[in-house]
Structure formats: C-alpha cells, structure tokens
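We will go stop by stop, selecting as we go.

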Amino acid sequence: MTAAKTSELSHLFRALKAPAAAGAAPKLAERARDEQWSYERYLEAVLSTEVGARESHGGEARIKAARFPARKTLEEFDFTFQRSVKRQVIEHLGQLDFLHGKENVVLLGPPGTGKTHLAIALGIRACLAGQRVQFATATEWVARLGEAKRTGELEDELARLARIPLVVVDEVGYIPFDPEAANLMFSLVSARYERASLIVTSNKAFSAWGEIFGDDVVAAAMIDRLVHHAEILALKGDSYRLQGRELGPPSFAGVGEKAQSIEQQLDQVQLLADEQEKLKPSERRQLGRILLEGIQRVISNQPQQQHVPHLAGALAKLNKAETDDRRMWVTELIVLERQQGDLGLKEQLLSAANSLAGPRGKARDELSDRLHELTKDGTAEERELALRLGQA
Ligand SMILES: Nc1ncnc2c1ncn2[C@@H]1O[C@H](COP(=O)(O)OP(=O)(O)OP(=O)(O)O)[C@@H](O)[C@H]1O
Ligand SMILES: [Mg+2]
C-alpha cells in the first residue's frame, strides 16, 4: 500500500470509529497481496477484526455495568478445595443453558465457601456471552426496590429488571428483613419467575428463611418460585478465606483503565511468577488467569500493548501449573495470536504458549498445529517465526 493510501484509509477508519480495523488493515493488505486473496476475503478479514474487538469490548462494558464486587472466574475456582460441588455441574452452568431456560441457580453454604465467587463467575460468563447482568446484595436490592416503591415506580422497575436476563441476589440471610423488605424480595422473585434468571446466594438453609423474612408464608411462596426451575448447590466445608495465604489483591480489574497502577501490578505479578514454587496450585491457576486477563486487556488497547511482553513473560514462567490449566492458557494464547496482525505480538504470545505447552500432550499438539499452519499459509516472516519456535 502506498503511504498516501495508508493515511487516507486510516483517516476513513477514524471517521468510522474503527480502530481495530485501522490497525489490522495494512498488514492484512500485505498478506492479501502475498497470498492473492479475493477482494471479499480481504474485506471480511478487516471487518471481522473490528467486530471481534467490539464484541470483546462489549463484554467488558457489560461486566462493568453488572457492578460485580470483584472479578472472579470459573477457571480460578479450586475444586480440590471445594469438594461439595462437582466441576462438571459448575462447568455445565457455565455453558449458560440455565439462562436460556430462564432457570435459577441457588448457592447455599457457610461463609467463605465460594458462593459469591461462583455467582460472579457465572455472571461474567453471561456478560461475555452477550447477556446483561445486574449484581447486588439482597439488602441493596431491597433498598433499590423500596425507593422505586416510594416514587410509585415499583411495577416499572420490576418490568425493567425482567428484561435483564440475569439478576444476582447475593447474601440473602445475613441481615433479617422487615415485612416490607420481605415483600419487596418476594415481588422480585415473583416478577422474574419463568421470565428471567436469578442467582441467589445465602448462608442459611431454606428452613431458616421463614425467620430471615419474618414470615413463613412469604418465605415458602418465594422458595417455591425460586426452586421450581433451579439448580440448587449446597456448598460445605471450611472458609477459603481462612486457609492460610490467599492470593488476594493482584487483580487486573483496573488494568486498561487506571494507567498509573499498571506498573505496580506488573511488579507484583512478575514477582509472584518468579516465586511460583512457593505458590499453591490454585494460586498458580489464579495468577495465570490474572496474567491472561491482563494480556487480553492491554492487547486491545494500543498504547498499553508495551506491557504484553512482561505479562506474557510472567505467564510463560508458570510451567509448574497443572496440565489442564496450561492447556487452557495455550489455547487462549493461540486464539489471541490469531487475532493479531502484529508480528511482534504474535511472537510474544506464541513464545509464551511454547513455554507452557510442555514436551508432549494436547497443548503441544495444538501449538504444533498452529505453527504448522503458519509455516504453510503465513507470510514470509510468519513462516520464519513458526520455524524458529518449532525448533526451540
Ligand atoms: N474453591 C475456591 N477456589 C478459589 N477461591 C475460592 C474458593 N472458595 C472461595 N474462594 C475465594 O475465597 C474468598 C471468599 O469466597 P466467597 O466470597 O465466594 O465466599 P462466600 O461463600 O460468598 O462467603 P460469604 O457467605 O461470607 O459471603 C473469595 O476471595 C473467593 O474468591
Ligand atoms: Mg459472599
């Protein structure tokens, strides 16, 4: 592409507010010329880069709008610590059939057993799958609905909420309800019954709900609607919070927004990766997730792409993580790599995958396939990169 054409195009992309397409277009054009793509194939490649970037941004926007109190994922949930729920059951919920069936999920159990964690993680899955989510504690929901009632807008508010596919009500039972609060909670459950999904968490068994709501009849009617189409999970065991160290604060929730804290967070995660021997398996998993999320975040934000090598480098060190975790990370790194036009980024992502793939197994096979594909169909530089990594 001539320089004049390139700048003319980037002007047009700016006018269309399509930065991802703008970034990818020149490289794709080069590739298209090398490989003699049809006009349609080139246009498709450019547009799908933009659509991909927007869809993942949409996910982030929904996650933000959902107001989760923290960022938790299913992948970082340690099923060896929490043995009273089956991984398959949670993973099936993570496929979100319950949402499409307008069914509920009820998480019961003592403090620190992972109720809120699972509720958030399922909520985030829903956000990433394009669904709107609202998260709040039972107390917050009651306050919100109470306010709507006072201004005569309760019905409107409930109707509006019914259009949100997933509402999470956390912490039913920590604070007892007065009769008005109990009625408001009942109206929420009832308005959503068979229309849209709820996730409810509680530290109290259903048998104690009469006491929480100060009214056995209201409680029974609410439980009845809640559980009619629901997955009910009773978590047991000790609090995860109490089991020694917890890899708390290093979270990438803010990366991408708060530029000033990135360096600090980077230091922290790199340090942790250096000391992976001292981490528990679940902590390695959690750190891996944080690093991957970090990569996903900064990579979609041009000025922050400079951080990718550090994050990818730290991730590459986690070769002591469990096979399944490493396999998942390799898959995700390859997915990301495919979306990048920039050779440097491709190299960083594939190098990290290479360190994590291990000498043999599914992750290694998957990576080899990708490298093979690049040697076959890639540009000259991509071929060279793939060969170099293949030999390493
Ligand atoms: N099995 C687990 N694997 C990984 N992290 C866990 C697990 N269980 C709990 N945690 C973590 O421990 C902390 C407490 O868990 P969570 O907030 O989900 O507890 P909870 O059941 O909602 O407790 P509470 O009733 O006090 O609200 C969180 O940081 C959560 O991410
Ligand atoms: Mg909780």
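**Stop one: Val169 and the cores**

Select Val169. Leaving out neighbours within four places in sequence, Val169 is in contact with Ala138, Trp141, Leu198 and Val200. Two residues are in contact if their C-beta atoms, placed from the backbone, lie within 7 Å.

Before going on, note that this is a predicted model: local features need pLDDT of at least 70, side-chain atom pairs count only at pLDDT 80 or more, and totals for chains, interfaces and linings use all residues. Residues are numbered from 1 along each chain as its sequence is written, while chains are lettered from A and ligands numbered from 1 in the order in which they are written.

Now widen the selection. Which residues have the most contacts inside the largest nonpolar core? They are Leu107, Leu122, Val142, Val168, Val169, Met185 and Ile199, in a core of 49 residues. A nonpolar core is a set of buried Ala, Val, Leu, Ile, Met, Phe, Trp, Tyr and Cys residues joined through C-beta atoms within 7 Å. A residue is buried if 20 or more other C-beta atoms lie within 10 Å of its own, exposed if 12 or fewer, and partly exposed in between; C-beta atoms are placed from the backbone.

Colour helix 6 (residues 115-128): it gives this core its largest share, eight residues. Helices (H or I, at least four residues) are DSSP runs, numbered from the N terminus. Another core, of 37 residues, lies apart from this one; Ala314, Leu315, Leu367 and Leu385 are among them.

**Stop two: Val142**

Go to helix 7 (residues 138-150) and pick Val142. Is Val142 buried or exposed? Val142 is buried, because 22 other C-beta atoms lie within 10 Å. Not counting residues up to four places away in sequence, Val142 touches Phe177, Ala181, Leu184 and Met185.

**Stop three: ligand 1**

Select ligand 1 and its shell. 20 residues surround ligand 1, and the closest are Asp78, Gly114, Thr116, His117 and Tyr240. A residue counts as near if its C-beta atom, placed from the backbone, lies within 6 Å of the molecule. Colour the shell by type: four residues are nonpolar, 10 polar and six charged. Here Ala, Val, Leu, Ile, Met, Phe, Trp, Tyr, Cys and Pro count as nonpolar, Asp, Glu, Lys and Arg as charged, and the others, Gly among them, as polar.

**Stop four: helix 13**

Select residues 281-299, which form helix 13. Its 19 residues reach 27 Å from first C-alpha to last, close to the 27 Å expected at 1.5 Å a residue. The expected span is 1.5 Å times one less than the number of residues. Helix 13 is largely enclosed by the rest of the structure, because 16 of its 19 residues are buried.

**Stop five: the domains**

Colour domain 1 (3-63), domain 2 (87-241) and domain 3 (251-391). These bounds come from an automatic or database domain assignment. Taken over C-alpha atoms, the centres of domain 1 and domain 3 are 23 Å apart. Their contact takes 12 residues from domain 1 and five residues from domain 3. On the domain 1 side, helix 2 gives the most, with seven residues.

**Last stop: two loops**

Find Gln36, in the loop between helix 2 (19-35) and helix 3 (39-66). Gln36 has a positive phi of about 55 degrees although it is not a glycine. Gln36 is exposed, with 7 other C-beta atoms within 10 Å.

Finish at Leu96, in the loop between helix 4 (87-94) and helix 5 (97-100). Leu96 is not a glycine either, yet its phi is positive, about 70 degrees.
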